[in-house]
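This report describes a protein structure for a reader who is new to the subject. Please keep the sequence and the model at hand while reading.

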Amino acid sequence: MINVPATEYVIEVTYLIATALFILSLKWLSSPATARRGVFAGEIGMLLAVVGTLLHHGIVEYKWIFIALVLGSIIGVPLGEVAMTAVPQRTALSHAFGALCVTLVGTAEFYLRAPDVPPFMMGVLSMEVILGSLTFTGSLMAAGKLQEILPQRPITYKGQNFVNLGLLGVAIVIAGALVAHPGRIQLFPVIVGIPLVFGVMMIIPIGGADMPTVISLLNSYAGLSAAAMGFVLQSKLLIIAGALDGASGFILSVNMSKAMNRSFSNVLFGAFGQEQHAAAATQQARSVRSATPEEAAAILAAANKVVIVPGYGMAVAQAQHKVRELYDALTKRGVDVKFGIHPVAGRMPGHMNVLLAEADIPYDKLCDMEEINGDFPQTDVALVIGANDVTNPAARTDHSSPIFGMPILDVDKARTVMVIKRSMAAGFAGIENPLYYLDKTLMLFGDAKNFVGSIVRELGGHHE
Amino acid sequence: MKLDLLTSLYVFMLAAFIGFEVIRRVSPLLHTPLMSLTNALDAIAVVGAIILAGEYHAHGALLAKILGTIAIVAATSNIVGGFLITDRMLRMFKASGPKKP
C-alpha cells in the first residue's frame, strides 16, 4: 500500500464504523425495547458511509450526485409515509428500487471494463445483473398485484414452468459464454433482458396468499445481488450489507414456507391454487350455526379468556381499529384478550403485528403461533377475523387435504369458536374448512369492520 | 484498497453467518420492520453508484453518468423511505402501559 492518500484511510474507517453500526442495528432490532436504537444506528452508519464516499478523491463531478441525492430523498419521503395497510406493496417497490440500482451500476461497470474482464469478475457481474434485473421486474409485478393494479389471481398455462426455467437457463448459458469470452459485448444486453422477462413470468402464477414467501425471496435476491455488486466493486461494506440482507430474506423465506408446509420451489413453481378448484366446492351443503352481534357480544362478555385470530380479511376490511375498541371493551370487563398470529397471516411477514400495533394494541398481547397454541384448550372464545386456511383443522387430520401438514392455529380446541366472514365462500385455493361445521362454531356473517363495531356497541352500552 | 477475490469470499461468508445468527433472534413480531430496515441498509449500494456517477471515465462517461445518477436516485429513495417507515412502525409498538384499567 504505497502512495495511498490519507483521505482513503479516512474513508475506509467510515466504512468500517458503518459496517459495525449496520450489524448492531440488526442486533438491536431483536427486541421492541431496543429496536428504535437500531434504526438510529443504521442511519448514522449510512450517513457516515455516504459522507465518506463523497470524500473519495476520484470523484471529479458532484453536480449530478447532489441532484440525484436530493431527488431520491424527495421520492423517499412519501414512500416512508404510506399507510400501514400499504406496507407490503411499498416493501415490494423498494426491493425493485434496490435491484434497479444494482442492475444499472452492474451494467455501467461492464461497459466501462469490457473487454478486459477477468473470468471470476465476469461471473459475479453476471450474477449481479441477472439477480438484479429479475428482482426488479419481479418486485414491480408483486407490488402491482398487492396494490391491485394487476389481477391477483394466479395466471397459469401449460408448460409455464418449462418456459420459465428455460428462460433462466438461457440467461445462465449466455452468462457462461460471456465469462469465457468477455469481449462479446453484444451478448451483455441478453443477460439483462432475459431476467427482466423472467421476473415478470415468475410472478404471474403467484397468488395473493403466497406473497409473504415471494416478498421474502425477492428480499433475499435483492441482498444477494447487492453482495455480488460488492464483489465487482471490491467493497467490503457492500458485501457485508448485501450478505446481511440476503440472510434476512432467506431466513424469512424459510420461515414462511415452513409455515405453509411447502418448499420454495413449490411456491415458485407449484401454482398451488389451481388444481384444487375441482375437488373443492363439491361438498354437500352442510348446516352451520350463525349468530347475531348481540349473541356474540353476550358470549364474549361472559368469557374469561379470548383469543382473537386476525387474517388478511381484517386488513382488507380495515377493521383493526374496531378490533382495538373490542379489545378495550373486553379488557375493561376483565376479560383476558390475546391475539394469535400465524406467520403467513397477511401479505408479508409480520404484517398483522404492524397493523395491530398501529391500532395501539400492546405488543405483549400479540402472540405467535407457538406461544398461543398451548393456550387454546383453556380459551373460552376464539374469535377468527378474516382468516381461513391458517385455522383449518383439516391440515392436522385430513391426509387428502392440499394443506395437510401445514402448521395451524388450533382454534378448534377453544370452547367456542366464532368466525367473522362475509359468506360461506371458500378461501384461497377453494379449500373447504371443516372448522365452520363444528358444533362449537358460530358463524358471524358480515363485513369484519361493521360486525366488530356492532359487537363493541353491544358491549359498551351507550355511556361512552 | 483493493481486495482479492478470496478475501471477498471470506468476508461474504462471515457476514452471512453473522446475518443468520443476528436475524434468527429477531422476534416474529418485528418481521415487517426487519424487512424494511434491511432494505434501507441494502441501499448502501448508493456508494457504488456515487463513485460510478462522479469518477472520471476515459470512455463511456455519459453512460456511467446517466446510469449512476438514476441508481443514486433509486437507492437514496430506499434509504430515506426505508428508515422513515421503519422508525414509524417501531414507534407504534408499545408494551401494555401501567395506565391500562
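## The sheet of chain A

In chain A, 6 strands form an open sheet in the order β3-β2-β1-β4-β5-β6, and the pairing is parallel. Strands pair if DSSP finds at least two bridges between them; helices (H or I, at least four residues) and strands (E, at least two) are DSSP runs, numbered from the N terminus. The edges of the sheet are formed by β3 and β6 (441-445) of chain A, each with a single partner strand, so one side of each is left without a neighbour in the sheet. From one strand to the next, the twist averages 25°. Helix α15(A) packs on this sheet, where it touches β1, β2 and β3 of chain A, and its direction makes about 145° with that of β2(A). For such angles, axes are lines fitted to C-alpha atoms, for helices over the stretch in contact, and angles run from 0 to 180 degrees between N-to-C directions.

The model is predicted: local features need pLDDT of at least 70, side-chain atom pairs count only at pLDDT 80 or more, and totals for chains, interfaces and linings use all residues. Residues are numbered from 1 along each chain as its sequence is written, while chains are lettered from A and ligands numbered from 1 in the order in which they are written.

Is strand β2 (residues 336-341) of chain A enclosed by the rest of the structure or left open? Of its 6 residues, 5 are buried, so β2(A) is largely enclosed by the rest of the structure. A residue is buried if 20 or more other C-beta atoms lie within 10 Å of its own, exposed if 12 or fewer, and partly exposed in between, with C-beta atoms placed from the backbone. Strand β1 (residues 305-310) of chain A runs parallel to β2(A) and is joined to it by 4 bridges; here A:Val306 stands opposite A:Val337. Strand β3 (residues 366-368) of chain A is also parallel to β2(A), with 3 bridges between them, and A:Phe339 stands opposite A:Leu366 in β3(A). Between β2(A) and β3(A) the chain passes through helix α15 (residues 351-358) of chain A, in a right-handed β-α-β crossover. Right-handed is said of a crossover if, with the strands pointing away from the viewer, the path from the first strand over the helix to the second runs clockwise.

Strand β6(A) has 4 of its 5 residues buried, so it too is largely enclosed by the rest of the structure. Its link to strand β5 (residues 416-421) of chain A consists of 5 bridges, and the two run parallel. In this pairing, A:Thr441 of β6(A) is the bridge partner of A:Val417.

## Chain A as a whole

Chain A has 18 helices and 6 strands. Its C-alpha atoms fill a box of roughly 80 × 50 × 35 Å, taken along the principal axes. Of its 464 residues, 53% count as buried.

The domain assignment gives domain 1 (82-270) and domain 2 (293-425 + 432-460) of chain A; such bounds come from an automatic or database domain assignment. The C-alpha centres of the two domains lie 36 Å apart. Their contact takes 17 residues from domain 1 and 15 residues from domain 2 of chain A, where two residues are in contact if their C-beta atoms, placed from the backbone, lie within 7 Å. On the side of domain 1 that touches domain 2, α4 (87-113), α8 (211-233) and α9 (236-259) of chain A each supply at least two residues. That side has 11 nonpolar, 6 polar and no charged residues. In this grouping, Ala, Val, Leu, Ile, Met, Phe, Trp, Tyr, Cys and Pro count as nonpolar, Asp, Glu, Lys and Arg as charged, and the others, Gly among them, as polar.

## The contact between the chains

The contact between the chains takes 84 residues from chain B and 101 residues from chain A. On the side of chain B that touches chain A, α1 (5-24), α2 (31-42), α3 (46-54) and α4 (61-92) of chain B each supply at least two residues. The most comes from α4(B), with 29 residues. By class, this side of chain B has 52 nonpolar, 21 polar and 11 charged residues.

## Two residues with positive phi

Most residues other than glycine have a negative phi. A:Glu148, although not a glycine, has a positive phi of about 65°. A:Glu148 is placed in the loop between α5 (119-146) and α6 (160-180) of chain A, and is exposed, with 10 other C-beta atoms within 10 Å.

A:Gln234, also a residue other than glycine, has a positive phi near 55°. A:Gln234 lies in the loop between α8 and α9 of chain A and is partly exposed, with 16 other C-beta atoms within 10 Å.
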